Amino acid sequence: MQDLQPSASFGMRKLWRPIMRQDPNFEDFCKHTALFRDFNHNELKALYEISKEKTLEKGEYLMEEGDPGNEFFFVMEGDLEVVKHDLSNKQDFVIGTIHPGDTVGEMALFDSAPRSASIRATTHAKLRGIAFADLRKLANENKEISSIYSHLSKNLSQRVRTTSDIAFNAMKKEMEEYKIRTNIGQFFVHVLVAFSLIIYSLGIVKYLLKIVPNSTYITIPMILFLGIFTYFIIRSSHFPLSVFGITTNKWKQALFEGIVWTIPVAGLVVVVKLLCIRYLPDYQGHSVFEPFILMSQSDKTLKYWIYLNLAYWLFVPAQELMARGTLQSLLEKFLISKHSVLSAVIVSNLLFGIAHFFMSEQVGIMIFMVGLYMGFLYANTHNLLGPIVAHCLIGTWSLSVVGFVIG
């Protein structure tokens with residue numbers, strides 16, 4: 001055995017020389033490539049001798065979808081992308097990427113099918129290609145090299161198995177996303193129904209408050225109804241409560257921002273009232289601060305003022321749960337873009353502003369503008385405490401301290 005060892009070593013050096021002269025990294029490269037991992041030195045040498053170098057510049061195609069499959073390549077340097085053409089939309093989609101160490105086009109060796117996708121270089125790329133005809137000829141002429149087919153079959157089988165697992169996991173993930181989107185769609189319908197009920201109920205309240213001596217008979221049943229309805233649609237969504245902003249996470253930050261960040265908004269409300277007094281006929285002759293403007297002449301007492309605002313504060317959480325916790329949260333999940341938060345804030349507050357047009361167009365517009373502030377306030381923590389506190393403070397300040405003309 002010792003006598004054979006130097007001879008074997010010499011043989012290895014002799015076989016390695018032509019490869020070293022042409023590409024010293026070839027064998028090491030192949031040993032780290034999944035498709036050629038089990039090949040021995042002689043097999044790799046034989047493959048190299050029938051392979052041809054190919055270079056691509058950025059944007060150049062290695063193969064195009066529908067081309068006949070006559071050879072396969074392994075990537076030595078550079079990156080490429082797999083492109084699939086959608087005939088119905090006449091658009092190309094990138095469905096995968098290829099990097100050094102990957103092989104391209106080897107499946108056609110076994111099924112002889114046309115190329116199923118196009119391969120395009122995204123950088124300068126260097127590849128080595130092997131024609132299937134040369135590979136078959138090599139295998140027929142050299143019994144030792146004929147094992148290449150068994151190696152290829154084994155490695156391709158492993159790759160197909162791995163690809164199947166990846167495809168299964170991707171399909172499973174897609175199904176889960178589909179279920180989530182289906183739940184969101186169903187829940188979104190429920191939310192819109194509930195939001196429509198709020199719009200109608202606010203209009204009814206305005207009318208009933210004129211004919212019912214005690215508003216308790218109106219506000220308490222409405223709050224209970226909206227609370228129960230909201231509870232059931234949240235339960236039907238199968239999402240955790242935290243999705244709707246019902247959480248203790250970041251509650252201190254939400255409370256702080258809901259109070260402190262509301263101060264400049266309150267100042268802005270005064271500025272808007274001053275502008276209304278100056279430029280809008282409905283506000284001519286009004287004062288900047290009119291705390292009893294929403295009350296009838298007989299109800300203009302401090303006791304009734306406090307009672308009216310307490311009833312308003314009880315109603316606010318249901319409104320915020322609808323506007324921010326449900327509409328905005330679900331829109332953020334449903335929309336897929338880098339501007340999904342901005343779009344969710346704008347759309348949810350457009351609906352919320354429209355809901356207040358029963359009071360007046362001016363109030364509806366102001367609610368929309370202030371709602372944008374509360375929408376971003378909620379997006380910052382996804383905790384409803386901040387918007388609820390801000391809503392109570394801004395609503396009380398705007399309607400029961402500064403006072404806006406209704407109607």
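Q: Which residues have the most contacts inside the largest nonpolar core?
A: In this predicted model, the largest nonpolar core has 18 residues, and Phe72, Phe74, Ile130 and Leu135 are those with the most contacts inside it.

Q: Which elements give two or more residues to this core?
A: Helix H2 (26-31), helix H3 (41-50), strand E3 (71-77), helix H4 (108-111) and helix H5 (132-141).

Q: And which gives the most?
A: H3, with five residues.

Q: What is Ile130 in contact with, leaving aside neighbours within four places in sequence?
A: Ile130 is in contact with Leu47, Ile50, Ser51, Glu71, Phe72, Phe74 and Leu135.

Q: Switching to rings. How many aromatic pairs does a search of the whole structure find?
A: Three. One of them is Phe289 with Trp397, whose ring centres are 5.9 Å apart.

Q: Why is that pair edge-to-face?
A: The planes of Phe289 and Trp397 are at 75°, and the edge-to-face class takes angles over 60 degrees.

Q: Where do Phe289 and Trp397 lie?
A: Phe289 is in the loop between H9 and helix H10 (302-334), while Trp397 is in helix H13 (residues 385-402). The pair therefore ties together parts that are 108 residues apart in sequence.

Q: How accessible are Phe289 and Trp397?
A: Phe289 has a relative accessible area of 45%, so it is partly exposed. Trp397 is also partly exposed, at 27% relative accessibility.

Q: What about Tyr304 and Tyr307?
A: Tyr304 and Tyr307 form a tilted aromatic pair, 6.1 Å centre to centre with 40° between the planes. Both sit in helix H10, three residues apart, so about one helical turn separates them. Tyr307 counts as partly exposed, with 29% relative accessibility.

Q: Where is Trp261 found?
A: In the loop between H8 and helix H9 (262-279). Trp261 has a relative accessible area of 39%, which puts it in the partly exposed class.

Q: Is Ser340 buried or exposed?
A: Ser340 counts as buried because its relative accessibility is 12%, and the buried class is under 20%.

Q: Where is Ser340, and what does it touch?
A: Ser340 is in helix H11 (residues 340-354). Not counting residues up to four places away in sequence, Ser340 touches Glu332 and Leu335.

Q: How many helices and strands does the chain have, and how much counts as buried?
A: The protein chain has 13 helices and eight strands. Of its 407 residues, 40% count as buried.

Q: What share of the contacts with a separation of 6 or more comes from residues 24 or more positions apart?
A: 75% in the protein chain.

Q: What does the accessible surface come to?
A: About 23100 Å² for the protein chain, with 63% of that belonging to carbon and sulfur atoms.

How values were computed: Residues numbered from 1 in each chain as written. Predicted model: local features only at pLDDT ≥ 70, side-chain atom pairs only at ≥ 80, totals over all residues. Heavy atoms only, no water. Helix = DSSP H or I, 4+ residues; strand = E, 2+ residues; numbered from the N terminus. Buried < 20%, exposed > 50% of the residue type's maximum accessible area, 1.4 Å probe, protein only. Phe/Tyr/Trp six-rings, centres within 6.5 Å; stacked < 30°, edge-to-face > 60°. Core = buried A, V, L, I, M, F, W, Y, C linked by side-chain atoms within 4.5 Å. Contact = heavy atoms within 4.5 Å. Areas by Shrake-Rupley, 256 points an atom, 1.4 Å probe, with all protein chains shown as cover.
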